[in-house]
Amino acid sequence: PIEGRRHDSGVLAESNLLQQMQQPLHIPGGGVYCLYGDPAYPISQHIQKAFQGAQLTPRQTLFNTLMNSARQCVEWEFGEIVQLWAYVDFKKQQKLALQPVAVYYKIAALLTNCRTIVRKGNKTSKYFNLDPPSLGEYLQ
């Protein structure tokens with residue numbers, strides 16, 4: 001984990017994620033994988049963010065609306081993890097330098113995903129109209 005006061009773009013640079021995304025990926029139609037980030041991230045071939053300004057075109061406004069609703073779904077998952085496993089809400093419970101915070105959070109995410117599979121989905125899977133994999137597929 002990284003301290004919350006660190007700037008997102010600095011954390012991104014340290015993660016080497018953009019360098020890893022430079023590796024060739026096979027996408028039907030020859031597209032490029034990219035991430036959708038908040039305004040703190042720099043735009044690049046692999047990072048997109050909302051269009052800004054007062055004079056957006058209808059197409060830009062639609063893009064922002066669709067991407068923000070998808071981004072909100074990701075926030076639902078973070079909220080579900082903290083709701084189910086209150087101990088991983090490190091703002092209230094964890095001691096960053098004294099406990100394996102990342103391990104606790106990864107375990108909570110794994111258990112949350114298993115719960116989602118057993119319950120045949122959650123709010124996010126319903127939103128995207130996707131069925132979760134079987135437990136066997138997920139745990140491979």
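**A buried glutamate and its surroundings**

Trainee: Glu77 is buried yet has no salt bridge, so which side chain of opposite charge is nearest, and how far away is it?
Mentor: Keep in mind that we're looking at a predicted model. Glu77 sits in helix 3, which covers residues 58-84. A salt bridge needs the nitrogen and the carboxyl oxygen within 4 Å. For buried Glu77, the nearest side chain of opposite charge is Arg115, at 8.3 Å.

Trainee: How many residues apart are Arg115 and Glu80?
Mentor: Arg115 forms that salt bridge with Glu80. The pair links distant parts of the chain, with Arg115 in helix 4 and Glu80 in helix 3. Their separation is 35 residues.

Trainee: Is Glu80 buried or exposed?
Mentor: Buried means under 20% relative accessible area. Arg115, at 31%, is partly exposed. Glu80 has 14% relative accessibility, so Glu80 counts as buried.

Trainee: Now the surface: which residues make the nonpolar patch of about 330 Å²?
Mentor: Take Ile107, which is found in helix 4, residues 101-118. Residues in a patch need over 30% relative accessible area. Ile107 has 44%, so Ile107 counts as partly exposed. The patch is made by Trp85, Val103, Ile107 and Leu111.

Trainee: Let's zoom out: in what order do the elements of the protein chain run?
Mentor: The chain has six helices and two strands. Starting from the N terminus, the order is α-α-β-β-α-α-α-α.

Trainee: And what percentage of the residues of the protein chain count as buried?
Mentor: The chain exposes about 10500 Å², with 59% of that supplied by carbon and sulfur atoms. A residue is buried if its relative accessible area is under 20%. Of the 140 residues in the chain, the buried share is 19%.

Conventions
Residues are numbered from 1 along each chain as its sequence is written. This is a predicted model: local features need pLDDT of at least 70, side-chain atom pairs count only at pLDDT 80 or more; totals for chains, interfaces and linings use all residues. Side-chain values use heavy atoms; hydrogens and water are left out. Patches are made of residues with over 30% relative accessible area and no salt bridge: like charges are joined within 9 Å, nonpolar side chains (Val, Leu, Ile, Met, Phe, Trp, Tyr) within 5 Å. Accessible areas come from the Shrake-Rupley method with a 1.4 Å probe; for residues, only the protein chains shown count as cover. Helices (H or I, at least four residues) and strands (E, at least two) are DSSP runs, numbered from the N terminus. Buried means under 20% relative accessible area, exposed over 50%, partly exposed in between (1.4 Å probe, protein chains only). Lys and Arg count as positive and Asp and Glu as negative; His and the chain ends are not counted.
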